[in-house]
Amino acid sequence: MQSWQQHLAESVEEILFDEETLAKRVKELAKEITADYQQLNISELVIIGILRGSVLFMSDLIRHIDLPVTIDFMAVSSYTKGTRSSGTVRILKDINESIQDKHVMIVEDIVDTGLTLQCLRELLCARQPKSLRICTLLDKPLRRRVEVPVDYVGFQIEDKFVIGYGLDYNDHYRQLPYIGVLKPEIYA
Ligand code: IMP
């Protein structure tokens with residue numbers, strides 16, 4: 001009998017980053033982040049994960065960050081259904097703690113048009129953190145509609161809709177351990 005993972009894999013056109021490649025790059029990013037913040041001599045780094053896509057990436061990343069870290073989460077919605085940005089961003093869940101005078105890093109799964117991060121950045125900057133950086137696992141530069149400064153990027157990818165390792169299509173496929181391109185006929 002076919003397993004659920006095998007069933008999900010049938011929607012994958014191509015695997016872009018397998019488990020090993022992801023683990024290696026996530027470790028490298030964590031090392032870079034650790035080295036950069038060590039220079040600032042910080043007492044605490046607040047890492048804000050953007051729900052739900054960043055959860056797998058963030059949990060792997062923080063395990064390799066060798067600094068005092070606390071975590072918080074925000075949920076936003078930038079897509080209605082399907083694969084294209086609706087152009088509007090709604091805050092569905094806010095962070096629990098104040099970030100005033102704190103060093104903050106947003107962790108996102110993917111930057112596409114940049115609208116979500118631009119909105120989040122403005123919102124969080126208004127709360128006067130000591131610093132605010134952005135880390136994303138994936139970046140689709142060809143699709144950018146607004147410029148957002150992104151400090152840490154795992155991989156740049158082409159304009160393809162990707163799933164797995166936290167990323168979804170209509171809330172499915174997040175559990176795939178790799179990142180793959182979704183077959184266009186699934187969302188056509
Ligand atoms: P942006 O506001 O257009 O930059 O969109 C960012 C959000 O869109 C991400 O946090 C994802 O939730 C979603 N997104 C954009 N591209 C993809 C993709 O290829 N696969 C899955 N989700 C995506």
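Trainee: Which residues of H2 and H3 meet?

Mentor: Val26, Leu29, Ala30 and Ile33 in H2 meet Phe57, Asp60 and Leu61 in H3, where contact means heavy atoms within 4.5 Å. Helices (H or I, at least four residues) and strands (E, at least two) are DSSP runs, numbered from the N terminus. The model is predicted, so local features need pLDDT of at least 70 and side-chain atom pairs pLDDT 80 or more, while totals for chains, interfaces and linings use all residues. Residues are numbered from 1 along each chain as its sequence is written, and side-chain values use heavy atoms, without hydrogens and water.

Trainee: At what angle do helix H2 and helix H3 pack?

Mentor: Two packed helices are described by the angle between their axes and the distance between the axes. Here helix H2 (residues 19-40) and helix H3 (residues 55-62) pack at about 60°, with axes 9 Å apart. Axes are lines fitted to C-alpha atoms, for helices over the stretch in contact, and angles run from 0 to 180 degrees between N-to-C directions.

Trainee: Is Val146 buried or exposed?

Mentor: Buried means under 20% relative accessible area, exposed over 50%, partly exposed in between (1.4 Å probe, protein chains only). Val146 has 18% and is therefore buried. Val146 lies in the loop between strand S6 (131-139) and strand S7 (152-156). Beyond neighbours within four places in sequence, Val146 contacts Thr113, Gly114, Leu115 and Gln118.

Trainee: Which residues does Glu108 touch?

Mentor: Glu108, in strand S5 (residues 103-111), touches Ile50, Ser54, Phe57, Thr116, Leu117, Cys135, Thr136 and Leu137, not counting residues up to four places away in sequence.
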